[in-house]
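Please examine the sequence and the three-dimensional structure shown below. The paragraphs after it lead through selected features in turn.

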Amino acid sequence: GATTAAEVEVSKTQEDDDEGEEEEEEEIPEDLTDLPPAEQQKRIIMRSLWLMGIGTLFVLIFSDPMVDVLSELGDRINVSPFYVSFVLAPVASNASELIASYNYALKKTSASMDISLSALAGAACMNNTFVLFIFLLLIYVQELEWTFSAETIAILLSELGVGLLIMGKKLTLLGGLVILCIYPLSLIIVGTLEAVGLD
C-alpha cells in the first residue's frame, strides 16, 4: 500500500531518536579504543587523576597572583575589589564547566541539554557552598572581624533562588533567563544592603 505522511513522520522521528542515541554513547579517547574495556577504564582513571593533579598544581601556582591582579584591577579602575572579583573570578574559575556544558549543549538532544544545565546548576551551588564554608571557617579559625553580612546574604539568596528554580521537572527559557538575572541581582542586593548600613 501507499505510505502515508504520518508513517513517514514516525519513521523520520525514529531515525532522529536513533541518531540522538548514537550521539549519547560514551566517548572513548581514540588512542584507547583498541584496548579491552577493563584496560580502557584503568587508563581513563589514571589519565583523569593525572589531569586533576596537574590542574590542582596550576591552581596552587596561579591563585595567589590572580587575587593580586584582581585587587590591583579594582584599585586602578576605582571599584571595590569585591565587585571585580564577584564578576571576573567565577568566569575564570568555572571556565572548564562552562566549556564542557557548552559542548554538551551543542549536541542539541534532550539528554545532553539536561546534563549541561544540571552541571552548571550543580557547579554554581557547590562552588557557593564550598567557598562560603571555607570563608566562614577562616573567619572562625583566624578570629577575623565579621564585615560580610551583605555578601553572605546575597550568596544564600542566590543559592535559594537557583535551587527553587531547578527543582522543577522542566527548565523553561523563562526560568533560564531568571537564573541569568540572579547574578547581577545579587550585586544589586549587596550594594543595597551596604547602602542601608549592613556590613
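Arg-43 and Glu-39 form a salt bridge in which the closest N and O atoms are 3.1 Å apart; the term denotes a side-chain nitrogen of Lys or Arg within 4 Å of a carboxyl oxygen of Asp or Glu. Because Arg-43 and Glu-39 are four residues apart in helix α2, about one helical turn separates them. Helices are DSSP runs (H or I, at least four residues), numbered from the N terminus. Arg-43 has a relative accessible area of 40% and is therefore partly exposed, and Glu-39, at 27%, is likewise partly exposed. On this scale, buried means under 20% relative accessible area, exposed means over 50%, and partly exposed lies in between (1.4 Å probe, protein chains only).

The model is a predicted one, in which local features need pLDDT of at least 70 and side-chain atom pairs count only at pLDDT 80 or more, whereas totals for chains, interfaces and linings use all residues. Residues are numbered from 1 along each chain as its sequence is written, and side-chain values use heavy atoms, with hydrogens and water left out.

How many salt bridges does a search of the whole structure find? The search finds three. One of them joins the side chains of Arg-76 and Glu-72 at 3.0 Å, N to O. These residues are also four apart in helix α2, so about one helical turn lies between them. Arg-76 is exposed at 68% relative accessibility, while Glu-72 is partly exposed at 38%.

A further salt bridge brings together the side chains of Arg-47 and Asp-31 (2.7 Å, N to O). This pair links distant parts of the chain, 16 residues apart: Arg-47 belongs to helix α2 (residues 37–76), and Asp-31 to the loop between α1 (5–23) and α2. Arg-47 is partly exposed at 33% relative accessibility, whereas Asp-31 is exposed at 54%.

Attention now turns to a pair of helices. The axes of helix α6 (residues 149–166) and helix α7 (residues 173–195) come within 9 Å and cross at roughly 165 degrees. Axes here are lines fitted to C-alpha atoms, for helices over the stretch in contact, and angles run from 0 to 180 degrees between N-to-C directions. Helices α6 and α7 are therefore roughly antiparallel to each other, a description used for angles over 145 degrees.

Finally, helix α5 (residues 110–141) contains Met-126, which is partly exposed at 46% relative accessibility.

Conventions: Helices (H or I, at least four residues) and strands (E, at least two) are DSSP runs, numbered from the N terminus. Angles under 35 degrees count as roughly parallel, over 145 as roughly antiparallel, 65 to 115 as roughly perpendicular and the rest as oblique.
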